[in-house]
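Welcome, and please take a moment to look at the model below.

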Amino acid sequence: MSERPSAYPYVWRLPLLIWQGLFFVGPLVLMVAMSFWLVRNYRMEPDFILDNWDRMLGRGYFWDAYWVTVWRATLAAILASLIAFPASFALAFRVSETTRRWALFFLIVPFFTSYLVRIYAWQVLLAESGPINGVLGWVGLGPFTMLNSGFGAMVGYMTLVLPLVVILQTFSLANIDRNLIEAAWNLGANPRATLVRVIVPAAKIGLIVGCVFAFILSFGDFVSPFYLGGSKPPTLSILIIDTTKSGQQWPRAAVVAVMMIVTLFVVAFAAVGAAYGRRK
Amino acid sequence: MMRGTLFSRFYLVALFTFVFAPIVTSMVFSFNSDRFPTVPLGSFTTHWYQTAFARPEVWTAFGNSLVVAACAAALSTALGFATAYTDFRYGFRFKPAYLALALLPPTIPLVIMGLAMLAWLGRLGLSGTLTGIVIAHTVMGAPFAMAICRLRLSQMDPALEAAAWNLGASPWRTMRSVVVPFCLPALISAFCLTAAVSFDEFIVAWFVSGLNKTVPVMILEILQGNVDPQINAIGTVVFLTSMTLVVVAQLLILKKSAT
């Protein structure tokens, strides 16, 4: 290479720094700053006051929404991990490599495909007079109220996160050293002991990453709790939208957003600790 | 063992049914004559497509979406490729922080991105413009583009570039004649995938868009009204578009990594 310092490396390195600095870090920093701003006569003025924080964190409805959101996201993460595991296990150990590759292929497709329209389709499917209740009616069951409930919201969360969780779990399970499993067999471990004491610990990182992504996505989602959960009780994301769209209370919405980011950081760090901890 | 395999098959079928049920539902009911979707189905009709696509605002929204997706995908791909190449070729101080910055955006909830973008773009005088949506979608798409390009670069022998330099090619010439051709399938793949990401994104677009609506933002606003089978028709077109993009994106990577 030439000794003369060249612009070449910087042409590749700088665009990301400039773009993400300007349009990712910038907006988020502004949002944090905005949470300390003053709103007077429906106009925001840069300031440093704790008024917005006081008002939001001092209200019962904020904490109600906070705990509902944390609880639902936790439940969604656990449920998704449990529902996904048998499927991931099957894809990792019970099917041919070709089948696995195509299965992953077809799971990636919905992950990138019109979440909003899929939620609308669930609205149709789960409706009081919809197809599912129609079929159940033929065998003399129902009709069940599935929309505008915690159940409806959970169906939505699963639609959002299941494909991703299965993909992540399958990768980590398929990468386990097969010798490890054979060794457990040869040493006389029964299938259950092999699963609990060999396979799950060996795939721990992938399982935790899947669970955390399910939490992050459910925690921030607003479509499922709004259109399938009936927005009662509201989640934090619904709170942000209501606060932003009705009038100029952006600083208060920013408070909610900062609280969400802090929560996600705490969860992510705890998860990294759990994934890589206790390793000698 | 046989029983285990049978259970596995059954479980996988059930899971895939759950995952694809909404997509199939939308497609089926988009051709169903009954206004309120239920079983048994009514008769076959293309009525909802005709009414939906007779509305000029639907065409405008599709036009907006296409323009935004094309621009955001081109920018994301360029940005993603530059970042992936930097990661592949160079080591430098703060590289972990650099990579964190590159990969972080998808972990921030979209509602928060929407609020932050709304405030920021407002200051820049870009709120309510398609440019604003393009900017936001590029931030979100670049990490995916980077991942795809990085995957492809890791299949390239680093000696290839060195060989070109030794033969007298400048770094720029090497990039043009060696690296870019090698990465071409990944570049197209990244373009398709980020186009799909942009085409389907509606939360940030909804915060930022103002009067310039993209397709999913329009769907979101129709959804706030009553049950309307037109959504199934529009939704089916959206599904087919983004599914095609994602399938092409994947086939390009799979085919190349097999060879």
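In which helix of chain A is L164(A) found? This residue sits in helix α7 of chain A. Keep in mind as you look around that the model is a predicted one.

Is L164(A) buried or exposed? It has 20 C-beta neighbours inside 10 Å, and since 20 or more is the cut-off for burial, L164(A) counts as buried. Leaving aside residues up to four places away in sequence, L164(A) touches F111(A) and F213(A). Another residue to look for is L107(A): it is 57 residues from L164(A) along the sequence, while the two C-alpha atoms are 7.5 Å apart in space.

Now step back to chain A as a whole. Its secondary structure comes to 13 helices and two strands. The radius of gyration is 24 Å, well over the 19 Å that the globule rule gives for 280 residues, so chain A is more spread out than a compact globule. Along the principal axes, its C-alpha atoms fill a box of roughly 80 × 75 × 35 Å. Of its 280 residues, 42% count as buried. Among contacts in chain A with a separation of 6 or more, 74% are between residues 24 or more positions apart.

In the model, residues 65-90 of chain A are 100% helix, with end C-alpha atoms 38 Å apart. Residues 102-121 of chain A are 85% helix and 0% strand, and their end C-alpha atoms lie 25 Å apart.

Residues 66-85 of chain B are 100% helix, and their ends are 28 Å apart between C-alpha atoms. Residues 233-254 of chain B are likewise 100% helix, with 31 Å between the end C-alpha atoms.

Finally, let us visit some backbone details. Most residues other than glycine have a negative phi, and most peptide bonds are trans. S114(A), though not a glycine, has a positive phi of about 30°. It lies in the loop between α4 (97-111) and α5 (115-126) of chain A, and counts as buried with 28 C-beta neighbours inside 10 Å. In chain B, F94(B) has a positive phi too, near 65°. Its place is the loop between α3 (56-89) and α4 of chain B, where F94(B) is exposed, with 9 other C-beta atoms within 10 Å.

One last stop is a cis peptide bond, which joins K232(A) and P233(A) with an omega of about -5°. P233(A) belongs to the loop between α11 (223-228) and α12 (236-245) of chain A.

How values were computed:
Residues are numbered from 1 along each chain as its sequence is written. Chains are lettered from A and ligands numbered from 1 in the order in which they are written. This is a predicted model: local features need pLDDT of at least 70, side-chain atom pairs count only at pLDDT 80 or more; totals for chains, interfaces and linings use all residues. Helices (H or I, at least four residues) and strands (E, at least two) are DSSP runs, numbered from the N terminus. The radius of gyration is taken over C-alpha atoms; the globule rule is 2.2 Å times the number of residues to the power 0.38. A residue is buried if 20 or more other C-beta atoms lie within 10 Å of its own, exposed if 12 or fewer, and partly exposed in between; C-beta atoms are placed from the backbone. Two residues are in contact if their C-beta atoms, placed from the backbone, lie within 7 Å.
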